[in-house]
Amino acid sequence: MTHNVNGIHHVTAIASDPRANAQFYTEVLGLRLVKRTVNFDDTSTYHLYYGDETGTPGTVLTFFPFGGGRRGRPGRGQATATAFVVPEGSLDYWADRLDAEGLDVGAPTERFGEAVLPFADPDGQPLELVAGESDVAPWSGGPIPDEHAIRGFHGVTLHSADPEVTGSVLEAMGYESDGEDGDRRRYRTAGERATVVDLRTDDRGPRGEPGVGTVHHVAFRTPDEESQSAWRDRLSEIGLSVTSQKDRRYFRSIYVREPGGVLFEIATDGPGFTRDESVAELGSDLKLPEWLEADRERIEAGLADLDAADPQEAD
């Protein structure tokens with residue numbers, strides 16, 4: 001195999017209250033809720049997808065909001081920050097906006113020559129805004145002026161329990177080392193967007209604990225099922241245990257936990273989020289795969305109403 005994965009497809013994280021989660025990511029960060037469905041392995045919880053207007057691969061942050069689930073701790077063996085791109089000159093706007101929401105906002109810093117604003121969402125999920133360029137158009141239906149709006153992912157930070165081995169896995173996936181800055185080594189792959197992975201090379205801090213406020217997995221892009229099958233063979237050849245293909249309805253997925261502890265997914269670009277909703281209607285209704293439709297009444301009865309006015313009144 002000579003081709004690469006084409007950057008990040010999506011990042012999936014764990015949240016607490018689904019209404020508060022939806023309010024923050026749509027009303028504060030200005031992302032679009034492009035799909036509301038359920039965790040296919042645990043239908044008692046939503047699976048919420050936020051991104052650009054159509055949920056373009058490389059823009060989508062997804063959540064399993066488990067209600068009062070156990071709080072996690074970002075640390076070694078996990079992805080410990082998800083970074084979005086915003087236009088140059090926008091970080092002051094965002095610092096003021098996030099501070100006004102009472103969020104934990106860090107001091108702006110420079111990394112690999114780029115301006116970075118670190119902060120955490122209401123569940124403590126580590127996020128970053130990176131000033132730069134992107135081919136993603138801002139979603140004009142949100143509350144953020146276009147000149148400051150988020151334009152998809154910049155990349156992710158991995159705090160591996162074994163950075164050298166994780167680096168070798170990234171290289172097997174087509175990433176190339178692109179320099180070091182302090183205790184970070186940057187890897188980059190070819191692609192239109194979301195091509196950066198920063199790998200922490202230090203062993204400081206405790207191991208991560210999964211739960212609310214942590215990343216569940218990082219998904220990488222591949223064009224179609226044929227290329228995904230080739231990736232499954234390639235990762236198996238280097239000694240990794242890869243799952244069979246899973247039908248996630250809007251893409252097909254395979255999963256592998258790399259030796260440094262981070263759960264990776266390789267997801268197909270299609271069929272995409274418009275397979276069961278028009279662009280104008282994306283995210284407006286609960287969508288279930290055909291194998292869950294017979295249980296719709298029971299499933300809906302167990303889910304909070306995302307359209308309720310006050311997220312603090314979640315069921």
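**A note on this structure**

Where is the place of P271? P271 sits in strand β16. Let us walk through the model point by point and come back to this residue near the end.

1. **What you are looking at.** This is a predicted model, in which local features need pLDDT of at least 70, side-chain atom pairs count only at pLDDT 80 or more, and totals for chains, interfaces and linings use all residues. Residues are numbered from 1 along each chain as its sequence is written, and side-chain values use heavy atoms, with hydrogens and water left out.

2. **Confidence.** pLDDT is the predictor's confidence in each residue, from 0 to 100. The chain averages a pLDDT of 95, and 97% of the residues score at least 70. Please take care with residues 310–315, where pLDDT stays under 50. For that stretch the model has eleven contacts beyond four places in sequence (contact means heavy atoms within 4.5 Å).

3. Eight strands, in the order β2-β3-β4-β1-β13-β16-β15-β14, form an open sheet with mixed pairing. Because β2 (32–39) and β14 (246–247) stand at the edges with a single partner strand each, one side of each is left without a neighbour in the sheet.

4. Strands β15 (residues 251–257) and β16 (residues 263–271) run antiparallel and are joined by six bridges.

5. **Another open sheet.** Eight strands also form an open sheet in the order β6-β7-β8-β5-β9-β12-β11-β10, again with mixed pairing. Here β6 (109–111) and β10 (176–181) are at the edges, each with a single partner strand, so one side of each is left without a neighbour in the sheet. From one strand to the next, the twist averages 30°.

6. The bridge partner of T157 in β12 is D198. Helix α2 (residues 91–100) lies across β5 (78–86), β7 (114–120) and β8 (126–131), and runs at about 10° to β7. For such angles, axes are lines fitted to C-alpha atoms, for helices over the stretch in contact, and angles run from 0 to 180 degrees between N-to-C directions.

7. How many cavities of 30 Å³ or more does a search of the whole structure find? The search finds two. On a 1 Å grid over the protein atoms alone, a cavity is a set of points where a 1.4 Å probe fits but cannot get out, and a pocket is an open set with protein on both sides within 12 Å along at least five of seven lines; lining residues have an atom within 4 Å of a point. Grid points are joined across faces, edges and corners, and a volume is the space filled by probe spheres set on the points.

8. The largest cavity holds about 70 Å³ of space, and its lining includes R32, D52 and W139. The second largest cavity has a volume of about 50 Å³. Of the 13 residues lining that second cavity, R111, E128, H154, R186 and D198 are the closest to its centre. Strand β9 supplies the largest share of this lining, four residues.

9. The largest pocket has a volume of about 300 Å³. Among its 21 lining residues, Q78, P210, T214, V215 and H216 are the closest to its centre, and β13 gives the most to the lining, with three residues. The second largest pocket has a volume of about 250 Å³; R111, E128 and T157 are among the residues that line this pocket.

10. **Two backbone details.** Back to P271: a cis peptide bond joins G270 and P271, with omega of about 10°. F112 has a positive phi of about 50° although F112 is not a glycine. You will find F112 in the loop between β6 and β7.

Definitions and conventions:
Pairing = 2+ DSSP bridges. Helix = DSSP H or I, 4+ residues; strand = E, 2+ residues; numbered from the N terminus.
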